[in-house]
Amino acid sequence: MNEREIKSFFSGELLQWYKQAKRDLPWRRSRDPYHIWVSEIMLQQTRVDTVIPYFNRFMEKFPTIVALAGAPEEDVLKAWEGLGYYSRARNLQAAAREIADKHGGLLPDDKSVVAGLKGIGPYTSGAIMSIAFGRPEPAVDGNVMRVLSRYFCIDEDIARPAVRVGMEGLARELIPEGEASDFNQALMELGALVCTPKSPSCLLCPVMAHCQGRLAGRETELPVKSKAKPPRPEHRLAALIQDAQGRVLVRQRPESGLLARMWELPHVVAPERDAWDSPALGQALLSAALAAEGLAGIRAESLRHLGDAEHVFTHLHWHLRVHGGAAQAAAEAAEWTGAAEAAATEETAAAVEPVITAEKAVAVESAVKAETAIAMESAEVAEGQTAYLPEAAFAGEPRGLPAAQSSNEDQQPGAAPVSDAAPLSDAVLQPNAQLNASDSALPAGYRWIGPAEFERLAWPNVFSKLLGAHFAGKLGPLNAGSEH
Ligand code: SF4
């Protein structure tokens, strides 16, 4: 069989197989370009099984491009919560707004327009143009490159852009006339179901007879792909501070950069591993960082280690250690300036004295600033998936938006008061500060939230899970008097 016949065999057999074997997926029930577009964006870096319920909910909430364009961004991020890579959702909405403004709310059958939309690269553009409009455009992602590398026994590094371009040319040649939609989906389906990364099911494969990689016994060696650098580990300290109404202190991330405008627990990078490992050092560092953020007026009671959580981005791996405590209310604070405080201050000062120095305060401030710079540099590319370890604690970093209006709707009148709480280590940082846990006293971007507000705001996975566990009572009580 010559090369032309090998290619023709591949296209014909694959197409025939797909017509019988294709999965019934929600976005395959329609040729609506909007459906194809949303599904392709959701499927980037995310498994089909995970995407299905998100896709269905998203379409229910934003049934048209115009509906998506007109929705508050927070609603879109909320609908995306848990999928990770939130820049995908922001770009999707930005592109929807462009289509609503310039194309009457309908994705046009025009490759130059589709390819120019925010968040759409060569793969997604090819997928939309071929699947929705039947245009003979290749849609080459990692799965497709794996299949082609194996079938044609190509041992060039698929991480190289030039190799990807070559693969796109090859995939374009393989598209049978008038069959671009099914053929591209067939290639994707084969990569997902049969020619899988680790153990390809060659015996079930419709193109096995002429697969050059298999015939050479190299199917598990291919594709060749140079290894990406592992994500850089970063140890962070996070604070879970609760007020007398049971509300938790949170903040909104800056307008741009990593996880832009999402909500989180305040947290900082631990400048050294020791500060992360040691509860006393970590809590002191965290308190100093909160003070540097303009939160000196909030003193958390009896910070304690609640547990650890992880969040893995493309280039970063956050190890979050969460410390939690109850905030001292203003009136109670006034009563708290006496012998008891002096004694407690003396005691706790000794415990944290090695780190509570002017240099340390400067270091903390620098760490906060440096972290922001890193986040901005990493921009959207570093967003990723979360691995959650059920026990955790947290802390803070600078935000960008003004504080939202205070709301009482989430207050929990039954929450335990903290007036009889023992003073904590961070109290020594600001012994004369006015304590005030009201929203009006918070720096821009911070607010107190209860369970109802938690449900409405958009969170990165790691904070969604931590706060979900907290409001479900799974992290244990934070008010003073709880067992440590
Ligand atoms: S025969 Fe095996 S290696 Fe070749 S395309 Fe099929 S599953 Fe992949």
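Modeller: Here it is, and please keep in mind that this is a predicted model. Around the ligand there are 15 residues, and the closest of them are Cys 195, Cys 202, Cys 205, Cys 211 and Glu 219.

Biologist: Which helices each supply at least two residues of that shell?

Modeller: Helix H9, residues 142–151, and helix H12, residues 212–215, each supply at least two, and H9 gives the most, with three residues.

Biologist: And by class, what is in the shell around the ligand?

Modeller: The shell has ten nonpolar residues, together with two polar and three charged ones.

Biologist: Changing topic, how far apart are the end C-alpha atoms of H3?

Modeller: They are 20 Å apart, which agrees with expectation, because the 14 residues of helix H3, 48–61, should span 20 Å at 1.5 Å a residue.

Biologist: Which residues of H3 are buried, and what covers them?

Modeller: Val 51, Phe 55, Phe 58 and Met 59 are the buried ones in H3, and what covers the buried residues of that helix includes helix H2 (33–43) and helix H5 (73–80).

Biologist: What about H19, how many of its residues are buried?

Modeller: Helix H19, residues 461–471, is mostly covered, with eight of its eleven residues buried; among them are Asn 461, Lys 465 and His 470, as well as Phe 463 and Leu 466. Just after H19 comes Gly 473, which takes a positive phi of about 80°.

Biologist: On to the strands, then. Why is S6 described as largely enclosed?

Modeller: Nine of the twelve residues of strand S6, 316–327, are buried, so the rest of the structure largely encloses this strand.

Biologist: Does S1 run parallel or antiparallel to S6, and how many bridges join them?

Modeller: Strand S1, residues 232–242, and S6 run parallel and are joined by eleven bridges; as one example, Glu 234 has Trp 318 in S6 as its bridge partner.

Biologist: And S8, which residues lie on each of its faces?

Modeller: In strand S8, residues 446–449, Tyr 446 and Trp 448 lie on one side while Arg 447 and Ile 449 lie on the other, and as all four are buried, both faces are covered.

Note on methods. Residues numbered from 1 in each chain as written. Predicted model: local features only at pLDDT ≥ 70, side-chain atom pairs only at ≥ 80, totals over all residues. Expected span 1.5 Å × (residues − 1). Buried ≥ 20, exposed ≤ 12 C-beta atoms within 10 Å, placed from the backbone. Contact = placed C-beta atoms within 7 Å. Near = placed C-beta within 6 Å. Nonpolar A, V, L, I, M, F, W, Y, C, P; charged D, E, K, R; others polar. Pairing = 2+ DSSP bridges.
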